[in-house]
Amino acid sequence: MAGYLFVHFTGEEKDGEQIYFSLSRDGLFWNDLNDGRPVLYSKLGTCGARDPFPVRSPLDGKIYLIATDLRIEAGEGWEAAQERGSRNLLVWESEDLVHWSKERSCEVGIPGAGCVWAPEAVFDRQENAFLVFFASKTKGAEETEGKHKIYAAYTKDFREFTETFLYMERENHVIDTTILESGGRYYRISKDETEKRLILETADSLRGTFTQIISPTLAGLKGVEGPEGYLLPDGETWCLIADRFMEGTGYLPMLTKDLASGTFHILRSGQYHMGRTIKRHGGILQITDEEYERLGGAYGAEAVTS
């Protein structure tokens, strides 16, 4: 792999809740594609797409892009989005990252769910299928009010899904979960929606029991969401990025060579450049040199000096 594709949205302004692309060779300095304009638009459901996440399938070689069906800019506000929002996720697919299918809408939210937010997927080798997980606000029979929990379903083709099941529940609201695999273990990073902080956990399997890893670094960051992680080109250093939504300053990168330690080195200004546009919750895909050049040729990349 010779580079990275960052797929994201930009905010609640006009066209901000659509799909944007950025490229990087090193995972730290990013070039906005398509002159900072959306590459893909959703015309289904709410006609908005947030929290996009790309995956490459080992089953058919295709790249699938999933996203939240949500448009706050033209909607009824956050309460309606949580309580009466779309129970569908959006899906695009491509074989070359340039030519994309028309978006499709897949219903995965359980009956009674108020929303389906920030869908992500990780390939489960034991099941030979993708575990797709997302946040939904639901109210159980024993609950006095609704709460955000993480639900999940399996799929091989992002068309047909197994029955949705409860994947994670906490005392507080939980949203924005991402899962990384390192050294034969899984690391799950989620946003405590009540505290507005990130929580790091680990388990030896995707459906196993996760235990929390105490992280002073993450505990010290408040007002962040949309965690994403990826290995840098050295193959040893993990870059964890978090969206500083409360400050409105975009993503902050932090590095570690040992996820189990819970210790991250927060980069200073000048040690990274996220591109011209402020990037909101998205996902990162490692790409080949051929894919990098193809994307740059198709959409044009603004030069950023690392």
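Author: A term to begin with: strands here are DSSP runs of E, at least two residues long, numbered from the N terminus. Please keep in mind that this is a predicted model.

Reader: Fine. In the hairpin of S8 and S9, which residue takes a positive phi?

Author: That is Asn128, with a phi near 55 degrees, in a hairpin that has four residues between its strands. Strand S8 covers residues 117–124 and runs antiparallel to S9, with six bridges joining the two.

Reader: How many of the residues of S9 are buried?

Author: For strand S9, residues 129–138, the count is 10 of 10, and the strand is described as mostly covered.

Reader: Let me switch to the open sheet of four strands; what is its order?

Author: The order is S16-S17-S18-S19, and the pairing is antiparallel. Its edges are strand S16 (225–231) and strand S19 (265–266), each of which pairs on one side only. S16 is joined to strand S17, residues 238–243, by five bridges, and within that pair Gly229 has Leu240 as its bridge partner.

Reader: Which residues touch the most other members in the largest nonpolar core?

Author: Leu28 and Tyr230 do, in a core of 31 residues. Several strands supply at least two residues each to this core, including S1 (3–9), S13 (185–192) and S18 (251–256), while S17 gives the most, with five residues.

Reader: What does Tyr230 touch, leaving aside residues up to four places away in sequence?

Author: Its contacts include Tyr4, Gly27, Trp30, Trp238, Cys239 and Ile284. Apart from this core lies another one, of 23 residues, with Leu70, Phe133, Phe165 and Met168 among them.

Reader: Since Cys239 came up, why does Cys239 count as buried?

Author: Cys239 counts as buried because its relative accessibility is 1%, and the cut-off for buried is under 20%.

Reader: Last topic, then: how many disulfides does the structure hold?

Author: The structure holds zero disulfides. Cys115 is in none, and the nearest cysteine sulfur, that of Cys106, is 17 Å away. Cys115 also counts as buried, because its relative accessibility is 1%.

Methods: Residues are numbered from 1 along each chain as its sequence is written. This is a predicted model: local features need pLDDT of at least 70, side-chain atom pairs count only at pLDDT 80 or more; totals for chains, interfaces and linings use all residues. Side-chain values use heavy atoms; hydrogens and water are left out. Two strands pair if DSSP finds at least two bridges between them. A nonpolar core is a set of buried Ala, Val, Leu, Ile, Met, Phe, Trp, Tyr and Cys residues joined through side-chain atoms within 4.5 Å. Buried means under 20% relative accessible area, exposed over 50%, partly exposed in between (1.4 Å probe, protein chains only). Contact means heavy atoms within 4.5 Å. A disulfide is a pair of cysteine sulfur atoms within 2.5 Å.
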